[in-house]
Amino acid sequence: MKSGQAEIAETSKGIQKRGLMSRRIAILDSAILMATTNETLPFFTQFIRFHADYNDLPALTFFVVANAVVSGYLILTLPLAFVHIVKKRQRTAMVGLLASGAASAAAIVYLAHKGNNNTNWFPVCQQFNSFCERISGSLIGSFIAVALLILLICLSAIALSRRH
């Protein structure tokens, strides 16, 4: 290997290691943000209140669980990632889990913002502003994490194809 190639390889490894940490943190942040989202509004009197919480909707609960599982997987594989390239199939499964959690939450976020007149689901984001801002931010973070994991899989595939 020429010295220029060695420098590029070392530089790309450093970028990959920093990228792995930022992906893990982004996924964990999305799960934490969604899990801590709730808002209570008074209704007519102070004794009657409306409460919105992420676990009121199964799709948002699935979103938190999927993000937590993927975060746990990525955190546990951190020591191995520096020594070995994680198998492509496992990463693909994690992308699928994360994407399905984000997609199910996206459907609920859409209903919260737009509602559905056919089923008498009214948009709740007009009342629960903080709740909707937080779940929307969490959803954006999760989709960014999906894109970063897909990029990681592509980079791993390129690295493996160059070895053979």
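Colleague: What is the relative accessible area of Ile48?
Modeller: This is a predicted model, where local features need pLDDT of at least 70, side-chain atom pairs count only at pLDDT 80 or more, and totals for chains, interfaces and linings use all residues. Residues are numbered from 1 along each chain as its sequence is written, and side-chain values use heavy atoms, leaving out hydrogens and water. Buried means under 20% relative accessible area, exposed over 50%, and partly exposed in between (1.4 Å probe, protein chains only). Ile48 falls in the partly exposed class, because its relative accessible area is 45%.

Colleague: Which strand holds Ile48, and which residues does Ile48 touch?
Modeller: Helices (H or I, at least four residues) and strands (E, at least two) are DSSP runs, numbered from the N terminus. Ile48 belongs to strand S2, residues 45–53. Contact means heavy atoms within 4.5 Å. Not counting residues up to four places away in sequence, Ile48 touches Leu41, Pro42 and Phe43.

Colleague: Where does UniProt place the feature "transmembrane region"?
Modeller: The UniProt entry is unreviewed. Its positions use the numbering here, feature names are shortened, and annotations may be inferred rather than shown by experiment. The record places the feature at residues 25–48, 60–83, 95–113 and 139–160.

Colleague: How far apart are the end C-alpha atoms of residues 139–160?
Modeller: This span is 100% helix and 0% strand. Residues 95–113 are also 100% helix and 0% strand, with end C-alpha atoms 26 Å apart. For residues 139–160, the distance is 32 Å.

Colleague: Which cysteines form a disulfide, and why is the disulfide called left-handed or right-handed?
Modeller: A disulfide is a pair of cysteine sulfur atoms within 2.5 Å, and the whole structure holds one. Cys125 and Cys132 form it, with their sulfur atoms 2.0 Å apart. The torsion about their S-S bond is about -90°, so this disulfide is left-handed.

Colleague: Is Cys132 buried or exposed?
Modeller: Cys125, its disulfide partner, counts as buried at 9% relative accessibility. Cys132 has a relative accessible area of 2%, so it is buried.
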